[in-house]
Amino acid sequence: MTGTPSDYPDVPNPDLIDRIPLDADVVLDVGCHKGMLGALYRRRNPRARVIGVDNDIAAVRVAATRLTEAACLDIENDPLPFEVPGGYDCIIYGDVLEHLRDPWRVMREHAALLSPRGVMLICVPNVAHWSVILKLINGTFDYEDRGVLDRTHLRWFTLATMEKALMETGLQLCDVSPRIFDQQGAEALADMLKDGLATLGVSRESFLARSTPMQFIWRARKTPTPPLAIRSTMLKPYGGVSDIRVLQPLRALKSDPSTVIQVGDIDSFPPPTDRLPGICVLHRPLLLGENGVLFFRNLLQRGFLVVTEFDDRPDFMPELRDDSLMNFRAAHAVQTSTEVLAETLREQNPEVAVFRNGVSQLQEVVNFASEGKVTLFFGAINRQPDWQPFMPAINAALSVLEARLHVEVVHDQQFFDALETPHKSFTPTCDYPTYTRLLSQSEISFMPLRDTPFNRAKSDLKFIEAGASRVVPLASPVVYEDSIEDGVTGLIFRSDADLYEKIIRLATTPSLGVSIGDAARAVVAGTRMDAYGVADRLRWYRSLLERREELTRALLERVPELAP
């Protein structure tokens, strides 16, 4: 909290940002510097009120442009000038406490300002770091411009002393995570000191656990909350499905300190216990007949509550039209992405929850930067029957616009080949970050869907992906008409002529695209972030555990052969 804005890097601590409760309403960043940490958090949770304080007036001026509010003050002597009647849901000290004269008093006073669900999040340097031990052995304790012995540090903490300080606040300790930057250096020192450590009765493992981390990140909360483990399988990532339905939602849940999250193979999942009950989520399984019965019976015997995650209509997938299918009947519950899908799935299991697709964060706005050119993006899997009727209209627009319209295609080689223009680019099936980057660099997202029962059950994922990047959704009425306000948050095309006219209009009137893109982004920011689903998901998972006996009885009635 000292120095000028140029003294400290304007980059967020990635291990801190991932541990801020994603569904927080009010966040206080103590020692916010220029507010980059809070700015990134606001892209993940735009509804949040993110407040920053720092004693550097120049840094605070920058922070005020990035955060909801910012104030320049001395955190040890000045009162916080904000009205927060419900309390702070998270108070962050990112490499701050070591700069204070009395950090213990500050923590105690701020603990009283937390909301009932509030979390204190702390990152502190570790004075027991191996580099400091080596300096002491060599008879030095020289201050430095950066690091554990930063010359502006007034207090130092070890693993044990920070734990004691947190316990004295009256908060419940949740977890502590090491930040390690030089494992080899620590191991080399441990090897040099092995005889001395043995004489002292200190194991090599214990020494390394204390001395390898340069920093520790701590979380403590005001109200004790029973822990919950959510362990999920995941199909091999393909086209972003695993990211949207598994990785990103679980990453959101992991920001709650009461959760333990794991993604992997069934055999790697430790069994649940009374202290840590476990839910096993099966991502798009294909479990049939006796093998399916054995699979589910094994999970039940190991103590898991089982949830199947599925986001397509199984009755339109040949491999799932099998009377011996166990995917849904043999699970305690099912989760999916739309109410249309839920109605179908309830025919096999009445316990179905709908969690609409969301995005993990708003993308940085980079489009509409090339004067006189726009890029139309198409990135989808198995969509040829949907786009083929509209290819003549697209090619007609390309013929008129020439270099003013570029087409960016991901995955679909046939779509790319059908484009009659040299102004096109192709990327084979790629990871989700690459897909998102290519989308965000475009101005228009082409989203065709035929009117079929299978398509009507789909989610509006393409709309929220486009909106998160300020890209104009150019979509068919199927699915998207329920999400897009035509002409305001996107454009709906109802014929090939309509599509042609709207491509021409967007390419020749970029201000229209910016207006629509901004409006779509505002809708996503206000309603469709993963942050907004955290509480509902956790509430449902905990309710399943509370109703476990009832759900297990219903499961055995559906599939009696699961009985041990």
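Which residue in S4 stands opposite Val 30? The residue opposite Val 30 is Tyr 93 in S4.

## Basis of the report

This is a predicted model, in which local features need pLDDT of at least 70 and side-chain atom pairs count only at pLDDT 80 or more, while totals for chains, interfaces and linings use all residues. Residues are numbered from 1 along each chain as its sequence is written, and side-chain values use heavy atoms, with hydrogens and water left out.

## The seven-stranded sheet

Seven strands form an open sheet in the order S3-S2-S1-S4-S5-S7-S6, and their pairing is mixed. Strand S3 (69–72) and strand S6 (172–179) are the edge strands, each pairing on one side only. From one strand to the next, the twist averages 15 degrees. Strands here are DSSP runs of type E with at least two residues, helices are runs of H or I with at least four residues, and both are numbered from the N terminus. Two strands pair if DSSP finds at least two bridges between them.

Strand S1 (residues 26–30) and strand S4 (residues 88–94) run parallel and are joined by four bridges.

## Helix H10

Helix H10 covers residues 241–254. Its 14 residues, at 1.5 Å a residue, should span 20 Å, and the end C-alpha atoms are 19 Å apart, which agrees. The expected span is 1.5 Å times one less than the number of residues. A kink of about 30 degrees lies at Leu 247 in H10, shortly before the proline Pro 249. The bend at a residue is the angle between axes fitted to the seven residues ending there and the seven starting there.

H10 is mostly covered, with 10 of its 14 residues buried. Buried means under 20% relative accessible area, exposed means over 50%, and partly exposed lies in between (1.4 Å probe, protein chains only). Among the buried residues of H10 are Asp 243, Arg 245 and Pro 249.

## Two helix pairs

Helix H14 (residues 391–401) and helix H19 (residues 496–508) pack at an angle of about 30 degrees, and their axes are 8 Å apart. Axes are lines fitted to C-alpha atoms, for helices over the stretch in contact, and angles run from 0 to 180 degrees between N-to-C directions. The crossing of H14 and H19 is right-handed; a crossing is right-handed if the near helix is turned clockwise from the far one by less than a right angle, and left-handed if anticlockwise. The residues of H14 that meet H19 include Ala 393, Ile 394 and Val 400, and those of H19 include Leu 499, Tyr 500 and Ile 503. Contact means heavy atoms within 4.5 Å.

Helix H16 (residues 432–440) and helix H18 (residues 461–468) pack at about 65 degrees, with axes 9 Å apart. H16 also passes H18 in a right-handed crossing. Tyr 432, Tyr 435 and Leu 439 of H16 make the contact with Lys 462, Glu 465 and Ala 466 of H18.

## Individual residues

Asn 455 lies in helix H17 (residues 453–456). Asn 455 is buried because its relative accessible area is 3%. Not counting residues up to four places away in sequence, Asn 455 touches Asp 386, Leu 449, Arg 450, Val 478 and Val 479.

His 33 is not a glycine, although its phi is positive, at about 55 degrees. This residue is found in the loop between S1 and helix H2 (36–44). His 33 counts as buried because its relative accessibility is 12%.

Asn 382, also a residue other than glycine, has a positive phi near 60 degrees. Asn 382 lies in the loop between strand S14 (374–379) and helix H13 (384–387). At 66% relative accessibility, Asn 382 counts as exposed.
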